[in-house]
Amino acid sequence: VVFSDSFDKAMAAFIIANGAAAMGSGVTMFFTFWGLNLLRQDRAVPVRKTPIERMFGWMMPRGAEKAVLSKMNMAGMGTAMIKGIMKKKNVLSLPELIAAAREAGVRLVACNMTMDLMGIKREELIDGVEEGGVAAYLDRAGAANVNLFIG
Amino acid sequence: VVFSDSFDKAMAAFIIANGAAAMGSGVTMFFTFWGLNLLRQDRAVPVRKTPIERMFGWMMPRGAEKAVLSKMNMAGMGTAMIKGIMKKKNVLSLPELIAAAREAGVRLVACNMTMDLMGIKREELIDGVEEGGVAAYLDRAGAANVNLFIG
Amino acid sequence: VVFSDSFDKAMAAFIIANGAAAMGSGVTMFFTFWGLNLLRQDRAVPVRKTPIERMFGWMMPRGAEKAVLSKMNMAGMGTAMIKGIMKKKNVLSLPELIAAAREAGVRLVACNMTMDLMGIKREELIDGVEEGGVAAYLDRAGAANVNLFIG
């Protein structure tokens with residue numbers, strides 16, 4: 001369960017997911033609440049929204065590129081510093097980790113209740129994302145070996 | 001393990017717990033640290049406390065009704081907005097989710113070490129709550145299929 | 001996975017780990033991102049660092065003694081209050097919990113990718129810490145009964 005949309009927690013989630021996929025495990029990531037923001041496209045998609053949905057959409061980070069550190073963000077400076085170091089050390093960026101996850105067959109599931117509450121539409125999400133609810137999550141979690149809540 | 005008392009994380013915890021109970025699983029939620037605040041009654045209960053315990057009790061949110069978002073709370077406005085949307089979409093409120101959990105047989109366990117440290121007394125908690133320690137938690141966790149730390 | 005370096009979450013992590021070890025389970029704690037700070041020595045260790053690594057090292061809490069509450073820290077006052085109560089109630093302090101974990105055979109693994117990114121050197125960590133990557137974590141997690149992400 002990816003509950004958080006912070007840069008550091010998203011990095012941890014995708015590094016673990018991609019590592020598990022590389023070791024041959026089936027991996028499903030369930031994005032709920034703030035975590036759903038990581039799956040948004042970084043451009044505005046023209047969709048019909050209520051005023052309050054539009055406001056939510058505007059206030060929350062649009063996509064993984066916009067994610068910031070949960071601590072020491074310092075108005076973006078901390079996040080920029082970490083991204084700079086990652087680039088220098090040839091660590092994959094968050095969007096690259098997401099692309100790698102998709103290529104490795106990691107299932108990305110968007111929580112449909114969150115989509116409904118926050119007014120996020122299917123067309124606003126990146127390609128290759130499924131929709132699912134808590135029952136779908138629990139089915140998969142019950143069969144999994146390792147379950148983590150990244151909040 | 002419910003470690004957080006934020007509104008969003010508590011919602012996630014109870015939606016997962018109630019979903020699992022609805023699918024026939026035995027569910028135990030262990031409330032520790034801030035999470036314990038979710039099990040407090042929303043009224044002041046007359047109990048004997050030290051001055052520091054009284055201060056803690058006063059500073060921490062008294063019950064699920066008082067829980068606020070971990071992000072974008074904006075002095076309560078964000079939380080109120082989400083609650084408004086939830087009501088409109090007929091999503092159960094947090095107190096309703098807790099009541100539903102109790103009815104579905106979800107076991108709610110209050111961490112007795114936290115109760116001792118924070119000076120929260122049994123009489124201050126809602127009905128239907130058990131007390132337990134880390135050993136009780138681990139016994140249950142070891143036998144469970146899915147374990148999450150919601151922090 | 002210990003992702004957080006906050007006092008309260010670290011307490012929860014070590015109380016669970018030590019409890020499990022006391023009940024005869026093999027326990028491995030994997031410290032990543034901010035969590036790595038909990039394993040730093042509380043003194044400055046003379047090591048060669050780039051200026052940016054030096055700055056990171058200086059800005060992040062150096063060791064468990066410096067960890068503060070994730071909530072209600074109030075410029076250190078909240079953390080000091082909790083520590084005072086813990087002492088009075090004879091609860092082990094965080095450094096004592098870490099020492100107890102080591103004595104009980106809990107494996108403390110420092111994420112080597114975090115060490116590389118943050119510029120934390122082996123000599124700066126407390127004794128008895130191993131280094132490992134995501135593959136080492138996943139190997140251990142796959143074989144474990146209970147997995148938690150404390151973030």
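Student: In this predicted model, what makes a residue part of the lining of the second largest pocket, and which residues lie nearest its centre?

Tutor: A lining residue has an atom within 4 Å of a pocket point. The second largest pocket has 32 such residues, and Gly26(A), Val27(A), Thr28(A), Ala144(A) and Val146(A) lie nearest its centre. About 710 Å³ of space lies in this pocket.

Student: Which element gives the most to that lining?

Tutor: H1(A) does, with 5 residues. Among the elements that each supply at least two residues are strand E1 (28-31) of chain A and helix H6 (134-143) of both chain A and chain C.

Student: How is the lining of the second largest pocket divided by class?

Tutor: It has 20 nonpolar, 7 polar and 5 charged residues. For the largest pocket, the lining has 18 nonpolar, 12 polar and 12 charged residues. About 860 Å³ of space lies in that largest pocket, and Lys9(A), Ser70(A), Lys9(B), Lys9(C) and Ser70(C) lie nearest its centre.

Student: Why is the relation between chain C and chain A called that of a three-fold axis?

Tutor: Chain C can be laid on chain A by a turn of 120° and a shift of 0.0 Å along the axis, with an RMSD of 0.0 Å. That is therefore the relation of a three-fold axis. The copies use different surfaces, as 17% of the contact residues of chain C recur in chain A.

Student: How do you know that Met29(B) is in contact with Val2(B)?

Tutor: Contact requires heavy atoms within 4.5 Å. Beyond four places in sequence, Met29(B) has such contacts with residues including Val2(B), Phe14(B) and Leu108(B). Met29(B) is also among the residues with the most contacts inside the largest nonpolar core, which has 162 residues.

Note on methods
Residues numbered from 1 in each chain as written. Chains lettered and ligands numbered in written order. Predicted model: local features only at pLDDT ≥ 70, side-chain atom pairs only at ≥ 80, totals over all residues. Heavy atoms only, no water. Core = buried A, V, L, I, M, F, W, Y, C linked by side-chain atoms within 4.5 Å. Buried < 20%, exposed > 50% of the residue type's maximum accessible area, 1.4 Å probe, protein only. Least-squares fit on C-alpha atoms with pLDDT ≥ 70 in both. 1 Å grid on protein atoms, 1.4 Å probe; cavity = no way out; pocket = protein on both sides within 12 Å on 5 of 7 lines; lining within 4 Å. Points joined across faces, edges and corners; volume = space filled by probe spheres on them. Nonpolar A, V, L, I, M, F, W, Y, C, P; charged D, E, K, R; others polar. Helix = DSSP H or I, 4+ residues; strand = E, 2+ residues; numbered from the N terminus.
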